[in-house]
Amino acid sequence: MTNASHHLAAWHSIAEDGSSPAALATIIADECVFHSPVVHTPQAGKAKVIAYLSAAGQTFANTGFEYVREVTDGPHAILEFTSNLDGIQLNGIDMITFSDQGKIIDFKVMVRPLKAVNKIWEMMGAQLERDKKQPAKPSIKSSKIEDDTL
């Protein structure tokens, strides 16, 4: 059985460097599922997960985003974070499950308070739209996000 604490260093490094699609592609499994705090259905597949996590990296840049607590149990990790979005102090958790190969297979985000969830919905939606309008590049970031976008 895998131990999440062995794989978190790669996640932290990528998140601190802005969550580029190319870097995310190295740690996201093909079958990964993303559970957004603002999208009602799970988003399955590497391309979608990378698009959402990359957009989150851009959205949370320069917001004081900081992981403040980390709990691991086997392949699972819970990372508590804080941030400030346009004057709204938020608190949330990233729940991450790793495969035996060290790839992320499940990523769930929970955020509070409701005002912060609404602000994330607004800011992430705008970032995803900007990402879709960029010229196509030979990367996963240019993949089309379908149906359940913000």
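## Overall layout

How many helices and strands are there in the protein? There are four helices and six strands, where helices (H or I, at least four residues) and strands (E, at least two) are DSSP runs, numbered from the N terminus. Along the sequence, they follow the pattern α-α-β-β-α-β-β-β-β-α.

A word on the ground rules: this is a predicted model, in which local features need pLDDT of at least 70, side-chain atom pairs count only at pLDDT 80 or more, and totals for chains, interfaces and linings use all residues. Residues are numbered from 1 along each chain as its sequence is written, and side-chain values use heavy atoms, with hydrogens and water left out.

## Burial and contacts

Of the 150 residues in the protein, 45% are buried (under 20% relative accessible area, with exposed being over 50% and partly exposed in between; 1.4 Å probe, protein chains only). The accessible surface of the protein comes to about 7,900 Å², and carbon and sulfur atoms hold 52% of that; such areas come from the Shrake-Rupley method with a 1.4 Å probe, and for residues only the protein chains shown count as cover.

Contacts (heavy atoms within 4.5 Å) tell us about sequence range too. Among those in the protein with a separation of 6 or more, 52% join residues 24 or more positions apart.

## His7 in helix 1

His7 sits in helix 1 (residues 4-16). Its relative accessibility is 19%, so His7 counts as buried. Leaving aside residues up to four places away in sequence, His7 touches Thr2, Phe98, Ser99 and Gly102.

## Where helix 3 meets helix 4

Helix 3 (residues 46-59) packs against helix 4 (residues 114-133) at an angle of about 115°, with their axes 9 Å apart. Helix 3 is therefore roughly perpendicular to helix 4 (65 to 115 degrees). Here, axes are lines fitted to C-alpha atoms, for helices over the stretch in contact, and angles run from 0 to 180 degrees between N-to-C directions.

On the helix 3 side, the contact includes Ala51, Tyr52 and Ala55, while helix 4 brings residues including Met123, Met124 and Leu128.

## Backbone details in the loops

Pro113 lies in the loop between strand 6 (104-112) and helix 4, and the peptide bond from Arg112 to Pro113 is cis, with omega near -10°.

Ser19, in the loop between helix 1 and helix 2 (21-25), has a positive phi of about 60° although it is not a glycine. Ser19 is buried, at 4% relative accessible area. Asp86 lies in the loop between strand 4 (76-85) and strand 5 (88-98), and its phi is also positive, near 50°. Asp86 counts as exposed, at 59% relative accessibility.

How values were computed
Parallel < 35°, antiparallel > 145°, perpendicular 65-115°, else oblique.
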